[in-house]
Amino acid sequence: MNIYDYITPQSGETFTTLLEQKNIKINRIVSSDTLDAKVYRQEEDEWLVLLEGEATLLLNDEEKKLIKGETLFIPSNTPHRVLNTQSGTLWLTVHIF
């Protein structure tokens, strides 16, 4: 599999699990520029890297703007929401249980 071989959805995001082993799950996420206003609150820690595009997240009532190459750590049980993304934004997320 090539991580850059993807199709951008017309709306929302597509999630592809790349690896699920013991206490780790790695996902590829491809975002459109039309997103749901979903609030995430996960039981596991999450580390992410933005491989392509731009995104703004709301994390603990603070906006975090990310550009290509930037990373972010989201501790478990932290409410967060993707406010906006550039069409074709590509994420790699690592969930640590």
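In the predicted model, Asn60 counts as exposed, at 55% relative accessibility. Asn60 is found in the loop between β4 and β5, the latter covering residues 62–67. The backbone of Asn60 has a phi near 55°, a positive value in a residue other than glycine. A positive phi, of about 50°, also occurs at Lys22, which is not a glycine. Lys22 lies in the loop between β1 and β2, with β2 spanning residues 24–31. With a relative accessible area of 80%, Lys22 is exposed.

The overall fold was examined next. The protein chain contains eight strands and zero helices. From the N terminus on, the order of elements is β-β-β-β-β-β-β-β. The radius of gyration of the protein chain is 13 Å, close to the 13 Å that the globule rule gives for 97 residues, so the chain is as compact as a globular protein of that length. The C-alpha trace spans about 35 × 30 × 20 Å along its principal axes. Among contacts with a separation of 6 or more, 63% are accounted for by residues 24 or more positions apart.

Surface and charge were computed for the protein chain. Its accessible surface comes to about 6,000 Å², and 46% of this surface belongs to carbon and sulfur atoms. Of the 97 residues, 38% are buried. The side chains include 9 positive and 15 negative ones, and the centres of the two sets lie 2 Å apart.

In soluble globular proteins, nonpolar side chains tend to be buried together. The largest nonpolar core of the present model has 11 residues, namely Ile29, Leu48, Leu50, Ala55, Leu57, Leu59, Leu66, Leu72, Ile74, Val82 and Trp91. Two or more residues of this core are given by each of β3 (45–52), β4 (54–59) and β6 (71–74). Strand β4 supplies the largest share, three residues. A second, separate core consists of seven residues, including Val49, Leu51, Leu90 and Leu92.

Leu48 lies in strand β3. The relative accessible area of Leu48 is 2%, and the residue is therefore buried, the cut-off being under 20%. Apart from neighbours within four places in sequence, Leu48 is in contact with Leu66, Glu70, Thr71, Leu72, Ile74, Trp91, Leu92 and Thr93. The C-alpha atoms of Leu48 and Glu13 are separated by 15 Å, the two residues being 35 residues apart along the chain. For Ala55, residues up to four places away in sequence were likewise not counted, and the residues touched are Leu50, Lys64, Lys65, Leu66, Asn84, Thr85 and Trp91.

Glu20 is placed in strand β1, residues 13–21, and counts as exposed at 55% relative accessibility. Glu20 and Val94 are 74 residues apart in sequence, and their C-alpha atoms are 9.8 Å apart in space.

Thr34 lies in the loop between β2 and β3. Its relative accessible area of 43% makes Thr34 partly exposed, a class that falls between the 20% and 50% limits. Not counting residues up to four places away in sequence, Thr34 touches Gln10, Ser11 and Gly12. From Thr34 to Glu52 the C-alpha to C-alpha distance is 16 Å, at a sequence separation of 18 residues.

Pro75 has its place in the loop between β6 and β7, where β7 comprises residues 80–85. Pro75 counts as partly exposed, at 37% relative accessibility. Pro75 and Lys64 are 11 residues apart in sequence and 15 Å apart in space, C-alpha to C-alpha.

Technical notes
Residues are numbered from 1 along each chain as its sequence is written. This is a predicted model: local features need pLDDT of at least 70, side-chain atom pairs count only at pLDDT 80 or more; totals for chains, interfaces and linings use all residues. Side-chain values use heavy atoms; hydrogens and water are left out. Helices (H or I, at least four residues) and strands (E, at least two) are DSSP runs, numbered from the N terminus. The radius of gyration is taken over C-alpha atoms; the globule rule is 2.2 Å times the number of residues to the power 0.38. Buried means under 20% relative accessible area, exposed over 50%, partly exposed in between (1.4 Å probe, protein chains only). Contact means heavy atoms within 4.5 Å. Accessible areas come from the Shrake-Rupley method with a 1.4 Å probe; for residues, only the protein chains shown count as cover. Lys and Arg count as positive and Asp and Glu as negative; His and the chain ends are not counted. The place of a charge is taken as NZ of Lys, CZ of Arg, CG of Asp or CD of Glu. A nonpolar core is a set of buried Ala, Val, Leu, Ile, Met, Phe, Trp, Tyr and Cys residues joined through side-chain atoms within 4.5 Å.
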